[in-house]
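Please look over the sequence and the structure first, then read the notes below.

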Amino acid sequence: MESIEARNPVAKHALKATPLAPRVKSLEGQTLGLWWNAKEGGNIALEHIGEALVKRYGVKIHKV
């Protein structure tokens, strides 16, 4: 009698804790990247958010 060996093709998850990135104390003087996700109206909202961040915190904006 022949036997068949079945294997599970799903890999086990390697769960590793990833430490959080260090947080900045303030946005003042920081450079921020703003990325439009191509959703309708998102470019307009992103523009307004960028202007508000520049006015309020003096950030430099890098548009991606």
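Ile-4 is exposed, with a relative accessible area of 83%, and this residue lies in the segment before S1. The model described here is a predicted one. The protein has one helix and two strands, and along the sequence they follow the pattern β-α-β.

**The segment before S1**

- Pro-9 counts as exposed because its relative accessibility is 78%, and the cut-off for exposed is over 50%.
- Between Pro-9 and Arg-23 there are 14 residues of sequence separation and 40 Å in space, taken from C-alpha to C-alpha.

**The salt bridge**

- How many salt bridges does a search of the whole structure find? The search finds one.
- The partners are Glu-5 and Arg-7, whose side chains meet at 3.3 Å, N to O.
- Glu-5 and Arg-7 are both exposed.

**Strands and helix**

- Strand S1 covers residues 31-34 and strand S2 covers residues 60-63.
- S1 and S2 run parallel, and four bridges join them.
- Thr-31 has Lys-60 as its bridge partner in S2.
- Leu-32 has Ile-61 as its bridge partner in S2.

**The loop between S1 and H1**

- Which residue has a positive phi although it is not a glycine? Ala-38 does, with a phi of about 70 degrees.
- Ala-38 sits in the loop between S1 and H1.
- Is Ala-38 buried or exposed? The relative accessible area of Ala-38 is 58%, so Ala-38 is exposed, given that exposed means over 50%.

**Overall form**

- The protein contains one helix and two strands. Its radius of gyration is 23 Å, well over the 11 Å that the globule rule gives for 64 residues, so the protein is more spread out than a compact globule.
- Along the principal axes, the C-alpha atoms fill a box of roughly 80 × 35 × 15 Å.

**Burial, contacts and surface**

- What percentage of the 64 residues count as buried? The value is 8%, where buried means under 20% relative accessible area.
- Among contacts in the protein with a separation of 6 or more, 62% are accounted for by residues 24 or more positions apart.
- The protein has an accessible surface of about 6600 Å².
- Carbon and sulfur atoms hold 58% of that accessible surface.

Notes
Residues numbered from 1 in each chain as written. Heavy atoms only, no water. Salt bridge = Lys/Arg side-chain N within 4 Å of Asp/Glu carboxyl O. Buried < 20%, exposed > 50% of the residue type's maximum accessible area, 1.4 Å probe, protein only. Pairing = 2+ DSSP bridges. Rg over C-alpha atoms; globule rule 2.2 N^0.38 Å. Contact = heavy atoms within 4.5 Å. Areas by Shrake-Rupley, 256 points an atom, 1.4 Å probe, with all protein chains shown as cover.
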